Amino acid sequence: MSSAEKISANVRDDFGKGYARRIRMAGDIPAVIYGHGEDPKHVVLPGHQTTLAARTPNAIFDLDIEGTSVLTMVKDIQRHPIRPEIQHMDLLIVKRGERVEIEVPLHVEGEPVVGAVANQEETVLLVEADAIKAPESITVNIEGREVGAHVLASDVELPADVTLLADAELLIVNISEPEELDVPEPGEEGENAPEGDIVEATEESDQVGESNDSDNSKH
């Protein structure tokens, strides 16, 4: 379950790209807070602490914004395309006891029967849960599943007080036979090669070639 990370934040009044760049160069993260009918508020978050806290899916931040406490949930993270850095964050205001719509990561555990393979079709599941008590992940058990078995969203066992919002028929895991690769046996390609592609040199052919060369040199 999620627990609120206490983080101190400062209000930012300048919204230019250059200012945001200076924030990141200082090791901090620019963010915007919205929700519950309030005007969006732009803040600056401490880089290291926020990055660590944001590792948890749907992380909850208990922000101290210059003396005012605001409870928020991470809704979007913009990351640097190359470096492991957070460029910007979107935070949604939440209230204790409030239910929110979230995507929770799926964790598949167990093994299907021998000779079968499990293909995970979805990595997250859309659910409704208490903002503060939302699960960090949901487990899908495939132990002993046979070829042809399907695990649908409606088959996933959800934690208490979590409601499925995704389509009940959404395919989560498909159990199938492993695909056979058509790998040619050693020498098979040579045996099947079209006739005439490769001509072995013989003493007679060499002599004919020399004769042709000699004739051509006379012209």
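Visitor: Where in the chain is His 88 placed?
Guide: His 88 sits in strand β6, which covers residues 86-93; a strand here is a DSSP run of E with at least two residues, and strands are numbered from the N terminus. The model is predicted, and local features are given where pLDDT is at least 70, side-chain atom pairs count only at pLDDT 80 or more, and totals for chains, interfaces and linings use all residues. Residues are numbered from 1 along each chain as its sequence is written, and side-chain values use heavy atoms, with hydrogens and water left out.

Visitor: Okay, is His 88 buried or exposed?
Guide: His 88 has a relative accessible area of 17%, so it counts as buried. With a 1.4 Å probe and protein chains only, buried stands for under 20% relative accessible area, exposed for over 50%, and partly exposed for what lies in between.

Visitor: And which side chain does the side chain of His 88 make a polar contact with?
Guide: That partner is the side chain of Asp 90, at 3.4 Å. A polar contact is a pair of N or O atoms within 3.5 Å, where within protein one must be able to donate a hydrogen and the other to accept it, and where residues adjacent in sequence count only if both atoms are side-chain atoms.

Visitor: Let's zoom out: which strands close into a barrel?
Guide: The barrel is closed by 6 strands in the order β1-β3-β2-β6-β5-β4, and the pairing in it is mixed. Strand β6, the one that holds His 88, stands between β2 and β5 in that order. Two strands are said to pair if DSSP finds at least two bridges between them.

Visitor: How many bridges join β1 to β3?
Guide: Strand β1 (residues 5-11) is joined to strand β3 (residues 38-46) by 2 bridges, with the two running antiparallel. If you want a pair of residues to look for, Asn 10 has Val 44 in β3 as its bridge partner.

Visitor: What about β2 and β3, how many bridges there?
Guide: Strand β2 (residues 28-35) is paired with β3 over 7 bridges, in the antiparallel sense. One place to look is Gly 35, whose bridge partner in β3 is Glu 38. The hairpin of β2 and β3 has 2 residues between the strands, and His 36 in that hairpin takes a positive phi near 55 degrees.

Visitor: Switching topic, which strands form the open sheet?
Guide: The open sheet is made of 3 strands in the order β8-β13-β11, and their pairing is antiparallel. At its edges stand β8 (117-120) and β11 (150-152); each has a single partner strand, so one side of each is left without a neighbour in the sheet.

Visitor: How do β11 and β13 pair?
Guide: Strand β13 (residues 171-176) and β11 pair over 3 bridges in the antiparallel sense. Within this pairing you can find Val 151 standing opposite Val 173 in β13.

Visitor: Now the loops: where does Gly 144 lie?
Guide: Gly 144 is in the loop between β10 (138-141) and β11. Its relative accessible area is 42%, so Gly 144 is partly exposed. Follow the C-alpha atoms and you will find Gly 144 and Val 114 8.5 Å apart in space, although 30 residues separate them in sequence.

Visitor: Is Glu 157 buried or exposed?
Guide: Glu 157 counts as exposed, because its relative accessibility is 69%. This residue lies in the loop between β11 and β12 (163-164).

Notes. Helix = DSSP H or I, 4+ residues; strand = E, 2+ residues; numbered from the N terminus.
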